[in-house]
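My notes follow the order in which I looked.

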Amino acid sequence: MDSIKIFSPSSVANLSCGFDVLGLCLDTIGDEMIIKKSKKPGVRIIKIEGENLPLSIEKNVAGVAAKSYLNKFPTEIGIEIEIYKKIKAGSGIGSSAASAVGAVFGINELLERDIKKIDLIPFALEGEKLASGEAHADNIAPAMLGGFTLIRDLKSLDIIKLPSPSELVVTIIHPKIELKTSHARAILKTQVPLKNVVKQTANIAGLISGLYSNDYNLISRSLNDEIVEKERSLLIPKYYSLKNSALEAGALGCGISGSGPSIFALSRGYIIAKEVANSFKNIISKLNIDFDIYISKINSKGVRKLT
Ligand code: HSE
């Protein structure tokens with residue numbers, strides 16, 4: 001095998017009640033990458049399409065992740081990476097995580113090494129660190145493993161894959177405004193009132209319980225954020241109008257996707273997910289902001305080889 005093509009999916013982090021610990025993997029939007037063997041030793045990014053990102057290994061999330069993997073598992077074989085970005089950088093649906101996960105998974109597949117996906121996560125995290133200044137795995141884990149994931153402990157990589165009830169469908173709206181994760185983190189208060197922590201804990205337990213029992217009502221009741229939504233909502237135009245319209249259209253829940261500016265809604269079935277998309281469109285088209293809307297099933301496989 002001299003060359004492989006992979007699909008590296010986008011993802012939604014936080015899922016309202018799970019700030020920095022929950023995420024899910026999307027199906028319809030993802031980057032493609034071609035990873036090839038080369039006679040010239042070392043790893044190089046030779047092409048990037050779709051986004052204006054640096055080719056330099058040290059400055060590119062995929063490059064940093066690849067280098068970190070190859071430092072631990074060196075090879076004599078030269079490696080060339082082509083990146084076809086379909087996920088917009090800074091959109092809040094895990095663009096940097098997809099690049100990092102794709103590079104590490106792709107190189108591991110190309111070299112036919114028997115290393116489990118979960119054990120590749122630390123290398124991908126090195127890339128994510130470059131993008132947001134801080135390691136958090138709530139996009140990396142779902143992009144790598146698929147489905148819903150819980151980061152119980154980042155240091156020891158205690159990561160749990162949760163069940164995905166089959167009727168869940170995600171609607172995403174990406175208002176194209178610039179919002180950096182580092183900024184969306186910097187504005188957060190460092191202390192949270194105890195009563196909010198109690199509610200957040202109850203909701204995360206409720207959501208996880210709902211995922212295990214296929215209880216869509218419980219999932220719906222639990223999709224609330226008591227910790228970061230209030231502050232971050234100020235960074236997204238018409239956030240509460242968009243959220244309320246999704247709920248009125250029948251979504252189980254709606255919140256900020258990762259650090260924004262994208263907003264996600266979870267619905268039971270495609271019909272409602274499409275109504276949610278229309279309700280988003282009605283509101284955002286009155287503003288002078290470009291946007292994308294996506295509808296996606298939960299991707300239970302995560303990053304995968306295409307050819
Ligand atoms: N959990 C992170 C945050 C995700 O909300 O800041 C950002 O990628």
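I looked up the lining of the largest pocket and found that H3 gives the most to it, with four residues. The model is predicted, so I note its limits: local features need pLDDT of at least 70, side-chain atom pairs count only at pLDDT 80 or more, and totals for chains, interfaces and linings use all residues. Residues are numbered from 1 along each chain as its sequence is written, and side-chain values use heavy atoms, with hydrogens and water left out.

A pocket here is an open set of points on a 1 Å grid over the protein atoms alone, where a 1.4 Å probe fits, with protein on both sides within 12 Å along at least five of seven lines; lining residues have an atom within 4 Å of a point. I listed 37 lining residues for the largest pocket, with Ala89, Gly90, Ser96, Ala131 and Thr181 nearest its centre. Domain 1 (3-162) and domain 2 (168-297) both contribute to this lining, so the pocket lies between them.

Next I took the second largest pocket, which has 17 lining residues. Helix H8 (residues 229-233) gives the most there, with three residues.

I noted 40 residues in it, and Ile79, Ile81, Ile107, Ile140 and Met144 touch the most other members. H2 gives the most to this core, with eight residues.

Technical notes: A nonpolar core is a set of buried Ala, Val, Leu, Ile, Met, Phe, Trp, Tyr and Cys residues joined through side-chain atoms within 4.5 Å. Buried means under 20% relative accessible area, exposed over 50%, partly exposed in between (1.4 Å probe, protein chains only). Helices (H or I, at least four residues) and strands (E, at least two) are DSSP runs, numbered from the N terminus. Domain bounds come from an automatic or database domain assignment.
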